[in-house]
Structure formats: C-alpha cells, structure tokens
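Open the model in your viewer and keep the selection tool ready. This tour goes from the whole molecule to single residues.

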Amino acid sequence: MKFNSFQLPMGPVSLYADGYKHGVIRLRVKPDAEWVWEVPEVVVAHPVAESTLTVRQEGRTQVIANDTSTLSVTRDGDSLNFSFVAHDKEVVVGFVELRDVEAPAVELRFPVAKKLYGLPEHTQDLAMQKGESYQLFNTDAFRYPLQSGDPKYGAIPFLMAYSASATAGVLFMNSSEMYVRILERPGAPAVRWTAEVGITDLFFIPGPTPHAVQQHHALITGPTFFPPYSVLGYHQCRWNYMTQEECMSVEAGMSGADMPYDVLWLDIEYSADKKYFQFDHDAFPDPKALLDHLVSRGRKMVTIKDPHTKTEEGWEVYDEGVAGNHFVRTPDDLQNFEADCWPGNSCWPDFLQRRTREWYATFFHDDRCECGGRNTYTWVDMNEPAVFHGYRERTMPREALHHTDDGRAVQHRYLHNLYGFLSVLSATQGCLEAAGPGVEPERPFVLTRSFFAGSQRLCGMWAGDNMSRWDHLQGTMAELLCLSLSNYPFCGVDAGGFLYEPTSELFQRWLQAAVFYPFYRGHANMDTLHREPYVWEPSARNRIRAALYLRYTLIPHLYTVFYHAHHEGATVLRPLFFEFPAEEELAEVQDSFMFGPSLLACPVVHSEAQTVDVCLPKSALWYEYPSGRRVAGAGVHTVPVTMDSIPMYLRGGCVLPTKAQRRASTAFAVNDSFTLHVALDAHGASEGELYLDDMKTFQYKQGRFAHRAFKYADGTLSCSAASEGQFSAPNTVERVVIYGAAAGTVESATAKGASLPVEQHSDMVFIDVRSTPLRVDEDWTITLH
C-alpha cells in the first residue's frame with residue numbers, strides 16, 4: 001500500500017510514520033488518548049506530496065519504505081524494535097520502551113558508525129566518547145564547566161553518526177528535559193536517550209555523507225536564516241555602555257583607530273528600569289540622534305529585549321499582558337506566575353499561544369519600539385527562561401502552566417527547551433512587521449541565547465557567558481563545530497571572553513581566532529576593564545586591526561557560503577571529516593577546520609605558542625594564504641608562528657573572491673572591486689562562486705541577485721552565470737592571483753582584446769585587471785599566454 005503517512009494501532013499505543021523527501025522517515029509512538037503534547041512550530045517539512053511511502057507486513061514486522069530508505073518496526077512485548085536502512089546499509093537499530101510511553105526511553109545503535117557528534121549545547125570535545133553523558137535542559141549556565149555534558153543555554157536533540165562508508169542522523173523531536181548516555185559497549189557506538197515527558201518522535205535522516213545529512217536535517221526544521229550583509233562584520237558590545245555620550249566615545253574610538261566595525265550593541269542598562277523597548281532618557285537623551293549618527297557611518301545598533309516583563313502598573317507591556325491574559329500562569333492556574341529577574345518582580349509571556357506571540361510582536365514595531373526595528377537589530381537574552389532567586393534550576397517551575405490556542409493547559413516541563421525558540425519566533429515576526437503594512441520588510445537580525453531545533457531559521461545564537469581564559473578559547477571551536485553540523489550555522493561566542501580580565505596576548509589571539517566565527521562580536525562584563533580593540537598597546541592594536549580587516553576581506557566569500565546554507569541547507573564552519581568524509585583519520589580533528597569549502601584555518605589558541613599543528617586532508621592540494629606557498633604533502637604539519645600569525649590555507653581547485661580595500665564598515669565597501677585568488681588543483685584547474693544582492697531585503701526571492709561562477713582551466717579564467725538572476729552589480733575585478741602556476745609558464749594575459757600587466761613570482765601569477773574593466777555581473781574570459 002502507498003501512503004504519505006500512516007497509523008498503525010499497537011495495543012495501548014499507536015505508531016505513526018511519515019515520509020519526507022530524500023528518504024527521511026519519521027516515527028512517532030503515541031498513547032491512545034484524546035490529546036497528547038507534540039512539539040509545535042518547529043517542523044517545516046511536509047510529508048512527500050507524491051505517494052512514495054509504502055508499507056508492507058513481513059510476519060510481525062511492518063516495513064516502511066521511502067525512496068532509498070526503509071524502517072522496519074516490530075512489537076516485542078514492552079519494546080518496539082526498529083531498523084533503519086539507507087542506501088543499502090543498516091545505519092540505525094534500536095528499540096523504544098513501551099512501559100511508559102509518556103516518559104520516552106529509546107536505545108539506538110549505529111552499526112557502521114565510527115563516531116557520534118551533536119547534542120548541542122555542551123562543552124565536550126567534538127567527537128563523543130563512550131561513557132559520556134549529556135543533559136539537554138536550557139539553563140542560565142553561569143560560570144559553566146568545560147569538558148562537560150552539563151546543560152547550557154540551548155538544546156538541539158540531534159545526533160550524527162559518521163563513518164566513511166555511511167553517515168546518518170537522528171533528530172528526537174521532544175522539548176522536555178533529556179538525558180543521553182553514550183553506552184560503554186564494545187563495537188559500534190550506542191546511546192540510551194530519555195525524555196522527562198512527551199512522546200517518542202524520531203526522524204531518521206539518511207546520508208550517505210555528512211553533507212547530505214546536514215541538508216536533509218535542514219529540510220526538516222529549516223535552513224539558516226539569510227543574514228543581512230552587515231551582520232557578517234564585527235560587532236562591538238559591553239555590559240554596558242551606560243550613556244549616549246559613552247556610545248559616541250566608542251564610535252569615535254573605533255573610527256579614530258581605523259578599526260572597522262558594523263554594529264554597536266546596547267545591553268540592559270540602556271532601558272528605563274529594565275522596561276525594554278524604552279530608553280532611559282536621562283542616560284540617552286536622544287537615542288534617535290545616536291542611531292542616525294551610526295547609520296551615517298554605515299553602521300547599525302542593537303538593543304536587548306529580554307522576555308521577562310516588569311510587573312509595574314502603567315508599563316504598557318505589563319498592563320496589556322495582564323488584560324489580555326498573555327502571561328504564564330501558576331501551577332494552580334489562579335494567577336500569573338511571578339518571580340525575580342533583572343527588572344525585579346517579573347512575568348513571562350506565554351509564547352506557546354499564537355495570539356500572545358502576535359501581541360508581543362507589536363512591541364517591535366516602529367510605532368511602539370523606540371528607534372524602530374529596521375536600523376536597530378534585536379537581542380533576546382535570558383530566554384531559557386532564566387529566573388533568579390528561589391528556584392533551584394534558575395528557571396520557572398516545571399509545573400507552571402502554559403496554554404494552547406484552544407485553551408488546553410500544558411505544564412512548563414513539556415516545552416521548557418522550546419521556550420527560547422518561541423520567544424524569538426515572536427520577536428522575528430515583530431521585526432518583519434516593524435515598518436507597518438504595505439512597506440517592504442528588510443531582513444531582520446535577531447540574536448538569541450536560548451534555542452531549540454528550528455531557531456536557526458529565525459536568528460543567530462551565541463554561546464553565552466564564557467570566560468577570558470585560554471581553556472575557554474581552546475574549547476570554542478569544538479562547540480561551534482558541533483552547532484554547525486547540528487544545523488545551526490550562524491553561531492559565535494564572545495570574542496575575548498565575557499567574564500574576567502583577558503591578558504593582551506589572550507585578547508589578540510581570540511580576536512584572530514574569531515575571524516572565522518560566523519558571528520564575530522567582542523563583549524565584556526561590566527565588572528571588567530574596558531577592552532575595546534582601540535584601548536590596547538600599539539602592537540596589540542596593530543594585530544587586532546589586521547585581524548578585523550582580514551575578516552572584512554573575506555566577507556564576500558562568507559556571504560556566498562551563507563547563500564548556499566540558506567538556499568540548500570549547507571553549513572558554514574565544517575569539521576574536516578565533514579568536508580572530506582572518505583578520510584576517517586580526520587574524525588576527531590577539531591583545531592583545524594573549514595571556513596566554507598575553500599579555506600582551512602587553524603588559529604593559534606595557546607599562550608606563548610611558537611608552533612601550531614595544522615592538519616591538512618590528503619585529498620586536496622593546499623596553499624598558504626595569502627603567501628601562496630604550496631604545502632608539500634598532507635597530514636599534520638608543525639608550523640612556526642609569531643604573534644602576527646593566523647594560519648590559514650586555500651584549497652587547491654577553489655577560487656576565493658575577496659575585497660582588499662580597507663573600509664570603516666561593509667556599507668562603504670558595497671561598490672569595491674574584487675580580487676580573485678585562483679588555487680590550482682592537481683589538474684591545473686579551479687572553480688568558485690560569488691553571490692551578490694542588495695544585502696538587506698528579500699528581493700533575492702524574486703530573482704534580484706547575481707550568482708556568478710569562476711572557472712579556470714587550460715590557461716583561461718572565465719566568469720559566467722552560476723544561476724539566473726536579475727541584479728546589476730557594478731563591481732569589477734581588479735586583480736587575479738593564481739596559486740600553483742609553474743615558474744616561467746606565464747608571460748602575458750589578455751581580456752577583451754587588451755593586454756593585462758602580469759607578474760610571476762615563483763609559482764604565483766599576479767594579473768592587474770584595473771586597466772580593462774571586467775564587471776562581475778558580465779560574462780568574460782582572461783587568457784594566459
């Protein structure tokens with residue numbers, strides 16, 4: 001029989017199966033009850049429109065087939081046994097315990113896998129080890145431990161099981177507290193996975209590669225949001241810039257020191273008595289003038305808008321929330337739940353209700369939010385939800401009540417890990433609506449601390465209150481790579497550390513490493529000395545400035561990578577095994593990583609380092625960037641470093657577009673020319689892409705973009721359309737640098753019938769294209785002779 005989905009009664013429970021594109025199969029085990037809690041709003045995929053899901057019975061086993069995948073399910077007493085086969089390999093086997101289906105317990109084994117990854121957010125190494133345990137319970141994780149599976153601020157209940165022969169994933173769609181233990185058993189990795197309440201809701205995700213698992217995962221809960229171009233620049237933050245005058249001083253300090261940045265952030269002290277959406281006009285007498293000044297410099301501003309609401313009569317958010325019954329309720333449902341947070345006594349919006357999300361979204365509109373929602377971006381913190389004194393878990397009690405739109409009461413324990421997602425669902429809606437009906441929205445930028453599966457399609461995240469310590473810097477890449485392969489591409493940490501005082505060396509090294517964080521922000525606690533990039537000694541300022549400008553040269557590449565992440569479900573930061581899945585020896589490498597498909601980075605993260613060990617995969621040629629020196633051989637290379645070093649390598653076979661001009665912000669670089677770095681592979685060929693649009697609106701959805709392909713082969717570099725768009729980009733190519741050309745092989749170059757100046761040094765060729773304008777939105781060729 002053929003289905004899109006089907007239901008199979010099994011005594012006191014029913015089994016539900018759904019088929020999705022690319023062989024993804026969903027299995028839900030639910031009690032036979034009038035209503036059960038299922039996670040809302042997260043899953044955006046729909047079961048396949050065509051009838052590709054087939055079900056057949058083989059004895060006591062139901063065999064569910066979808067595309068190249070099959071899921072076999074057998075009832076065996078108090079267990080429901082299953083086997084998932086994808087691309088002719090059994091990649092997941094296990095069972096669901098049926099003794100208490102509303103306290104889910106599942107065991108999973110991955111027969112062909114070598115390593116497991118995922119379950120963010122935690123501070124363990126990238127590759128999971130047998131015997132480790134992980135807790136998923138979003139919490140205000142102040143001074144959190146390292147090398148720990150303890151919970152942090154967000155949770156994505158996803159595992160990737162990798163080997164060179166096959167990779168698969170499992171997403172457990174349950175928003176209550178979870179525990180996962182990596183079982184200490186010989187052979188293939190296995191886990192025991194429990195949830196406090198809810199149902200067993202498993203997505204089995206086929207590969208066969210890590211890239212394919214990531215793309216199919218993104219199909220389920222959505223790919224990353226497409227960030228405005230400006231948010232890929234540097235962000236400057238502190239808890240807190242206390243006055244408008246201090247903000248202007250920071251702006252002047254960054255500009256005067258020739259430090260590029262794009263966004264100035266305001267933490268909670270900007271607000272009037274922690275009544276977010278309103279400025280304290282004693283400290284900020286004219287916030288619109290501050291914003292206008294920043295905008296004139298090509299910059300944006302961020303204000304924080306935490307979900308806790310000050311319980312003060314006369315404060316419109318509180319008054320409207322009470323009148324509209326929009327707040328979370330006490331366990332007896334007799335009154336609003338109240339507790340302590342930054343404003344003092346507070347209430348929390350019940351974001352489970354669509355009507356509450358729509359109401360709360362109105363406070364982000366230009367007519368209700370001071371400074372509006374277009375040039376002012378949004379920061380949502382403390383949305384685990386964090387609760388201060390009187391609650392052991394630093395959150396609201398698990399018995400607190402939310403309500404569905406049809407009036408059903410749901411205990412907080414069922415949706416605890418979902419609360420942060422629901423809060424930014426409302427905030428993002430409000431930012432999209434900010435300018436009012438009939439006005440074309442701009443792409444918003446929202447940053448969240450708490451998250452769940454699905455948050456990535458709405459907003460960026462950062463990893464919370466880290467510390468200015470070397471071990472925190474060293475542990476950062478494992479955490480960000482874990483997030484990236486768990487379908488959260490736009491991620492970052494506070495560069496320099498948030499708590500405590502960094503040394504000058506640590507701060508410099510962190511700003512260098514953070515060049516490769518998708519979200520690049522400096523932040524600091526109010527109890528620390530000021531650490532803006534311009535306050536350090538001259539030698540440190542020079543290195544920090546060099547790191548910032550390196551980031552800005554790479555933004556065209558990063559924006560192109562985000563285009564693919566948004567449109568195709570790819571990711572940005574990539575572990576080496578992810579990009580080179582045939583090389584299993586890379587499975588535990590986490591200090592060397594890919595920044596998109598073209599660049600490998602290995603920042604220096606140890607004090608007084610004289611060398612760094614760089615791991616280079618064997619299935620590509622590698623060139624030092626930007627020196628162009630070809631690295632002999634693959635494997636681990638011990639590379640000497642100085643304080644100026646940021647080790648990075650260009651992959652042979654890739655074309656990397658950059659912008660070399662030094663500008664104060666991305667807005668001033670819009671029309672700048674490009675340099676193309678062409679790294680030849682073993683066959684003397686190379687290819688790459690560049691994506692351009694207006695950098696801020698959704699017009700790309702109507703075809704208003706330029707997507708260009710660069711290809712080099714047989715002495716000819718060409719530019720042509722990678723996909724058809726209608727966008728005029730006046731930018732030209734000013735320089736081409738070819739890596740790996742044998743010495744003495746290039747004497748001249750021509751384009752459009754004109755001769756181009758050429759220099760060759762060793763195996764690098766430099767072509768000056770400024771005399772012959774070659775627009776990136778037009779087709780052309782450069783021929784080498």
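Start with the surface of this predicted model. The protein exposes about 26,900 Å², an area from the Shrake-Rupley method with a 1.4 Å probe, where for residues only the protein chains shown count as cover. Carbon and sulfur atoms supply 49% of that area.

Two notes on reading the model. Residues are numbered from 1 along each chain as its sequence is written, and side-chain values use heavy atoms, with hydrogens and water left out. In this predicted model, local features need pLDDT of at least 70 and side-chain atom pairs count only at pLDDT 80 or more, while totals for chains, interfaces and linings use all residues.

**The whole chain**

Zoom out. The C-alpha atoms fill a box of roughly 80 × 70 × 55 Å along the principal axes.

Of the 785 residues, 65% count as buried. Buried means under 20% relative accessible area, exposed over 50%, and partly exposed in between (1.4 Å probe, protein chains only). Switch to cartoon view: there are 11 helices and 51 strands. These are DSSP runs, numbered from the N terminus: helices are H or I with at least four residues, strands E with at least two. Among contacts with a separation of 6 or more, 70% link residues 24 or more positions apart. Contact means heavy atoms within 4.5 Å.

**Two domains**

Colour residues 2–214 as domain 1 and 305–462 as domain 2. These bounds come from an automatic or database domain assignment. The domain centres, over C-alpha atoms, are separated by 29 Å. Across the two, 29 residues of domain 1 are in contact with 32 residues of domain 2.

**The cores**

Which residues touch the most other members of the largest nonpolar core? Select Leu 554, Val 736, Ile 738, Ile 767 and Ile 782, from a core of 216 residues. Such a core is a set of buried Ala, Val, Leu, Ile, Met, Phe, Trp, Tyr and Cys residues joined through side-chain atoms within 4.5 Å. Its largest share, 13 residues, comes from helix α10 (residues 538–568). Domain 1 and domain 2 each give at least three residues to this core.

Centre on Leu 554. Beyond residues up to four places away in sequence, Leu 554 touches partners including Val 515, Phe 595, Tyr 625 and Met 648. Apart from this core lies another, of 47 residues, with Val 13, Phe 82, Val 96 and Ala 168 among them.

**Strands and turns**

Select strand β44 (residues 706–713): six of its eight residues are buried. Seven bridges join β44 to strand β43 (residues 686–692), running antiparallel. Strands pair if DSSP finds at least two bridges between them. Leu 692 has Ala 706 as its bridge partner.

Seven bridges also join β44 to β45 (residues 716–723), again antiparallel. Tyr 712 stands opposite Leu 717. Two residues lie between these strands, and Asp 714 takes a positive phi near 55 degrees.

Move to β49 (residues 758–761) and β50 (residues 764–768), antiparallel with four bridges. Glu 759 has Phe 766 as its bridge partner. In this hairpin, Ser 762 takes a positive phi near 55 degrees.

**Last stop: His 216**

Select His 216 in helix α1 (residues 210–221). Buried or exposed? His 216 is buried, because its relative accessible area is 10%. Its contacts beyond four places in sequence are His 22, Val 24, Ile 205, Pro 206 and Gly 207.
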